[in-house]
Amino acid sequence: MTIATINQTIQPQKDILLQHPLYEKVKTMDDLRQFLECHVYAVWDFMSLLKALQNKLTCTTTPWFASENPETRYLINEIVLAEESDLTLDGKRLSHFEMYVEAMQSCGASTTELEAFLKNVVDTKNVFIAIKQSDLHDNVKAFLDFSFRVIEEGKVHKIAAAFTFGREDLIPTMFTEILKNFQQNFPDVDLAKLIYYFERHIELDADEHGPMAMQMINELCQDDSQKWKEVEEVSVLALEKRIGLWDAIEESILMKAELA
């Protein structure tokens, strides 16, 4: 099996995501805020997938020892550097999650529910309990639960699959579609931080992180047919959970509009 085979397998799920009716539902500032308040959980758990890969593929403990594969070590460290310490629009160093939260706040989206959820993750010391206890949409819970189950299982090629095919490989095209809608629907609103965040993702993922993530998959699986099979299975599941997340965001936008 190869990257090309997996891309062929997951194309139906990618098509559903790229043609999802959600994009056309983001028409007002309230719609945009609702989108951000739901989507932020995907931005957050992405960072956990990334750090799980760094823990597996580099040495993050002392005493230090060189990790097994210098190539994957380099690839993941390069991605971590940009995702965890990128330059913001105003020249600060922040993670992409923190940039996203700042962008939410700058356009009036609420971070109250997010902050309460993250506090509960800390208080319970168990992300699965925090997910279960939250008031998030069931699809958002399922999305988060899937990511952390893959992390907990600890198979690095599976984590890389969720990270690469469920996220990095998809983001450039998907975020371009969202960005087009934002520019069309909100020409008179200052969305500078949000647009910068999306454009930064498009630039990094299309030009650097996407190809790096694909190379990482090749390095991790090599000629192991079982690993390739598991990468394919996780990739399909990751995209199905993403479709569920998109369904949840669309539903929440429609429900909020009905209540208005």
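Is Glu 153 buried, partly exposed or exposed? Select Glu 153: at 43% relative accessibility, Glu 153 counts as partly exposed (buried means under 20% relative accessible area, exposed over 50%, partly exposed in between, with a 1.4 Å probe and protein chains only).

Before moving on, some ground rules. This is a predicted model, where local features need pLDDT of at least 70 and side-chain atom pairs count only at pLDDT 80 or more, while totals for chains, interfaces and linings use all residues. Residues are numbered from 1 along each chain as its sequence is written, and side-chain values use heavy atoms, leaving out hydrogens and water.

**Salt bridges**

Next pick Glu 230, whose side chain meets that of Lys 155 in a salt bridge at 3.5 Å, N to O. Glu 230 sits in helix α12 (residues 225-259) and Lys 155 in the loop between α8 (138-153) and α9 (156-168), so this pair ties together parts 75 residues apart in sequence. Helices here are DSSP runs (H or I, at least four residues), numbered from the N terminus. Glu 230 is buried, with a relative accessible area of 10%. Show Lys 158 too: salt bridges that share partners join Glu 153, Lys 155, Lys 158 and Glu 230 into one network.

**Aromatic pairs**

The whole structure has seven aromatic pairs (ring centres of Phe, Tyr and Trp, the last by its six-membered ring, within 6.5 Å; planes under 30 degrees apart are stacked, over 60 edge-to-face, the rest tilted). Select Tyr 41 and Phe 117, an edge-to-face pair with 5.6 Å centre to centre and 80° between the planes. Tyr 41 belongs to helix α3 (residues 29-57) and Phe 117 to helix α6 (residues 112-124), 76 residues apart. Both Tyr 41 and Phe 117 are buried.

**The core**

Last stop: Phe 35 and Met 216, which have the most contacts inside the largest nonpolar core, a set of 88 residues (buried Ala, Val, Leu, Ile, Met, Phe, Trp, Tyr and Cys joined through side-chain atoms within 4.5 Å). The largest share of this core, 17 residues, comes from α3.

Note on methods
Helix = DSSP H or I, 4+ residues; strand = E, 2+ residues; numbered from the N terminus. Salt bridge = Lys/Arg side-chain N within 4 Å of Asp/Glu carboxyl O.
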